[in-house]
Each structure stands twice: as structure tokens, then as C-alpha cells.
Amino acid sequence: MSDRRQYRDARSVYRLGRSTFAVLLVATMVAACSGSSSPRSSSAPAEHRATATLRQLADRRHLLIGSAVADRPLRTEADYRRVLGREFNLVEPEDAMKWSTVHPARDTYDFTAGDRLVQFAEQHGMKVRGHNLVWEKFNPAWLTSLTPSRTEAIALLRDHITAVVSHYRGKIAQWDVVNEALAEGDRGSMRDGVWLRWIGPEYVPMAFRFAHDADPGAQLFYNDYDWRSPGPKTDHILELAQHIRDSGAPIDGIGLQLHVLHSLNVAAERSKLRAIANAGFDVAMTEVDNRRKLPAVTAALGDQARKFGDLLGMCLAIPRCRTFNLWGFTDRHSWIPGAFPGFGAGTIMDKGLRPKPAFFALRRALLSR
Ligand code: G3I
């Protein structure tokens with residue numbers, strides 16, 4: 001086929017836009033279900049092909065699209081690795097960089113699992129979100145059983161952050177520096193825990209300073225959940241980020257987890273996102289999933305697809321939102337059934353890695369203008 005003909009074909013696919021979507025949808029389903037690892041069509045630019053992946057479409061929109069990655073399937077499942085590298089340009093360790101994993105004893109750091117993910121990302125040309133440096137939950141017993149003075153606690157925090165961030169200096173694009181520092185509920189108070197008790201609320205801006213010192217090139221995020229609009233927690237998240245910045249600490253953005261349960265008021269939520277952006281922060285959607293009562297019926301999966309599509313559409317509408325990360329991409333590996341017995345089906349692919357309606361909703365959002 002001549003170059004001119006190839007170009008014309010590509011242009012006409014592009015122009016057809018939405019009406020072509022049904023054709024794209026069917027072709028993508030066939031390709032995805034066949035498990036092929038690369039698009040077959042050769043005449044059009046990658047992003048216009050019927051088999052374009054989420055990754056190809058996201059690249060075109062300058063969007064980081066990613067998933068939390070569990071270490072065990074990364075080690076042991078070839079199909080998991082293949083789909084991960086094909087569909088995403090971003091990875092985030094689900095547990096591999098948390099205190100319990102990376103700092104299992106006071107004088108021991110273990111970067112094995114984190115290094116494995118970073119190496120996978122490098123081999124596949126992907127970016128990495130680091131998660132997380134400070135969290136009041138799931139800390140190792142050796143840490144929580146200490147009784148340090150405030151000065152000793154600050155040294156513990158500084159040493160941990162410096163060791164972990166320095167180890168990955170230049171290799172991690174974004175860090176969730178502090179995770180879920182706000183308490184459950186809508187009062188805006190700080191979550192109780194060792195860091196609050198040992199250091200006071202200043203542990204939050206301190207953590208950002210330590211992280212910045214160890215890798216000035218990484219983008220630093222405050223990450224939290226229960227984002228919904230209207231809802232006071234939303235305002236408290238923004239207030240805390242502003243407090244971090246006002247205290248002189250370097251913070252680039254806010255991570256909204258979005259383990260979404262509520263119905264989305266798209267206009268209201270979009271204006272809240274704009275408020276974050278207008279306040280000078282980047283927005284990252286960091287842990288998107290939507291759990292359903294099992295077995296998940298067709299209507300539930302349709303509703304789920306709408307939620308995923310709406311969230312990605314909201315993100316794409318805000319120039320400062322250029323990170324969209326799923327908390328797992330397959331129902332084969334998800335925290336949901338373990339944490340909420342009787343619930344599951346919260347991701348975009350089933351246990352056989354076949355795309356669910358939510359996968360196609362993401363494609364549709366990426367293809368729309
Ligand atoms: O490492 C042990 C392993 O040795 C043991 O054999 C196994 C037996 O259950 O447990 C393993 O630890 C588990 C760990 O995940 C690694 O799989 C913990 O019990 C389990 O509680 C832990 O759960 C993680 C949880 O955070 C707590 O760290 C989930 O995988 C992870 O999805 C979840 O992720 C959080 C985000 O970090 C923050 N936002 C909320 C999100 C969902 O809770």
C-alpha cells in the first residue's frame with residue numbers, strides 16, 4: 001500500500017470519530033480476547049488502529065494510565081505481565097514500597113520487590129508512582145512498639161524517607177509521600193497513629209521536605225480517599241495540601257484514591273477538581289476501582305463502566321489531571337474480596353484478563369474529544 005493511501009485511510013478513521021467507535025469496540029474485543037500482544041493492523045498510525053491499546057490512546061493524550069501491581073503475579077504470571085506492559089504506561093507498587101515490606105526490621109531495608117517493579121517499568125518504557133512513604137496504618141510491629149522521643153521519631157522518619165527515596169532517585173516519577181493523614185469521617189481532624197502522637201501534625205510537611213531533599217526531581221503528592229462532591233472531606237483534603245504548601249514544604253499535587261462507591265455528580269465533581277487545579281496543585285486519580293456485590297450482574301457492570309468512563313473523562317477535562325491509576329486491572333488480583341467478603345469484580349478485566357465494559361468505557365473516554 002502506498003504511503004499516500006495509508007495516510008488517507010488513517011485520516012478517514014480519525015474523522016469518523018464516534019461513529020467508528022462501534023467498529024473499534026468489536027475489533028478491540030476480538031483482539032483483546034485473542035490475547036494478541038500487539039496490534040495487527042499495519043496501515044494506520046498506532047493510535048488510530050482498531051486494536052489500539054489504552055496505553056497508545058493515553059500516550060496520544062499525554063496521560064499516564066496505570067495500575068497498582070501486586071508482586072506475586074508480576075513474578076509468576078506471564079499473561080499478567082504481558083497485559084500490564086501492553087495496556088499501561090505507568091505502574092505503582094500495591095504493597096512493595098510500604099514500610100512493612102521495604103523496612104521489615106529497624107536496621108534492614110528490603111528493596112527486592114520494589115526493584116523488580118522498577119526494572120519491569122524500565123524494560124517496558126513505563127513510569128513509576130511510588131506508594132507510600134508515611135501512613136498511620138499497616139506499619140511494622142518493630143516500629144509501632146517503639147517509644148521514641150519527638151526528636152528520635154523525626155530521625156526515624158527522616159532516615160526511612162531518605163533511604164527509600166534515595167534508593168529510587170531518578171527512577172520514580174511521583175511519590176505518594178503521605179497517605180490518608182485525615183481521620184475517617186468529615187470532621188477534618190488528623191488520623192490517630194504513631195506519627196501524630198510522636199511528632200504532631202508537623203510530621204506531614206516534614207515528610208515532604210525529607211522526600212524532596214532525597215530526590216528533588218520527583219513529583220510529591222498527598223494521597224487520600226473519600227473524595228466526593230458535595231462532601232466536606234473534599235475540602236479538608238485541599239486545606240491540608242494548602243497547609244503543607246503554606247508551611248514551606250514542597251508539594252506538587254493531590255492524589256484522589258477513588259475507590260468509588262457513590263454515584264458521581266459529574267458537573268459538581270469536575271468543579272471540585274478544577275478547584276484543586278486552580279489552587280495550584282496537580283490532580284492524580286490514584287486508586288480507581290468500584291466494588292460490586294457478587295455475582296456482579298450485567299447492569300452492575302454497566303454502571304461500573306459509566307463510573308470509570310466518567311472519572312477518566314473528568315480527569316481528561318482538567319489539564320492538571322494527567323495521571324489515572326487503577327487499583328489493580330484484573331479481578332484475578334484485587335484487594336476487594338479480601339477486605340469486603342461477598343464483594344469483588346471491581347476492576348476493568350475479569351479473572352481471565354478479558355476486558356469488561358469498564359475497559360471499553362476507558363477506551364471511549366480516551367477516544368473522545
Ligand atoms: O506480606 C504478607 C504475607 O507475608 C502473608 O503471607 C499474607 C497473608 O495474608 O499477608 C501479606 O501481607 C498483606 C499485604 O497486603 C501484601 O499482600 C497484608 O496482610 C494485607 O493487609 C495487605 O493489604 C494491602 C493494604 O493496602 C494494606 O497495606 C492491600 O494489598 C492493598 O491493596 C491496600 O492498598 C491500600 C492503599 O495502600 C492505600 N489506599 C487504600 C488501599 C486499599 O486498602
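Which strands does helix H11 (residues 203–214) lie across? Select H11 and you'll see S3, S4 and strand S5 (219–224) under the helix, which runs at about 155° to S4. Helices (H or I, at least four residues) and strands (E, at least two) are DSSP runs, numbered from the N terminus. Angles run from 0 to 180 degrees between N-to-C directions, with axes as lines fitted to C-alpha atoms, for helices over the stretch in contact.

Before moving on, some ground rules. This is a predicted model, with local features needing pLDDT of at least 70 and side-chain atom pairs counting only at pLDDT 80 or more, while totals for chains, interfaces and linings use all residues. Residues are numbered from 1 along each chain as its sequence is written, and side-chain values use heavy atoms, leaving out hydrogens and water.

**The barrel**

Now show the strands. A barrel closes from 8 of them, in the order S1-S2-S3-S4-S5-S6-S7-S9, with parallel pairing. The twist averages 25° from one strand to the next. Two strands count as paired if DSSP finds at least two bridges between them. Zoom in on S1 (residues 64–69) and S2 (residues 90–93): 4 bridges join this parallel pair. Pick Gly 66, and opposite stands Leu 90 in S2.

Next, select helix H9 (residues 150–167), which packs on the sheet and touches strand S3 (127–135) and strand S4 (174–179). Contact here means heavy atoms within 4.5 Å. The direction of H9 makes about 170° with that of S3.

**The ligand**

Show the ligand and its shell: 13 residues surround it, the closest being Glu 94, Asp 95, Lys 98, His 131 and Glu 287. Color by type and you get 4 nonpolar, 4 polar and 5 charged.

Then try the polar contacts (pairs of N or O atoms within 3.5 Å). A side-chain N or O atom of Glu 94 sits 2.5 Å from a ligand oxygen. Lys 98 puts a polar side-chain atom 2.7 Å from an oxygen of the ligand, and Glu 287 has one 2.7 Å from a ligand nitrogen. Taken alone, the ligand exposes 800 Å², and the protein buries 48% of that (Shrake-Rupley method, 1.4 Å probe).

Most residues other than glycine have a negative phi, and most peptide bonds are trans. Go back to His 131: its peptide bond to Asn 132 is cis, with omega near -15°. Asn 132 is in strand S3. Another cis bond joins Leu 294 and Pro 295, omega about -5°. Last stop: Phe 138, not a glycine, has a positive phi of about 55°, in the loop between S3 and helix H8 (141–144).

Technical notes
A residue is near a molecule or strand if one of its heavy atoms lies within 4 Å of it. A polar contact is a pair of N or O atoms within 3.5 Å; within protein, one must be able to donate a hydrogen and the other to accept it, and residues adjacent in sequence count only if both atoms are side-chain atoms. Ala, Val, Leu, Ile, Met, Phe, Trp, Tyr, Cys and Pro count as nonpolar, Asp, Glu, Lys and Arg as charged, and the others, Gly among them, as polar.
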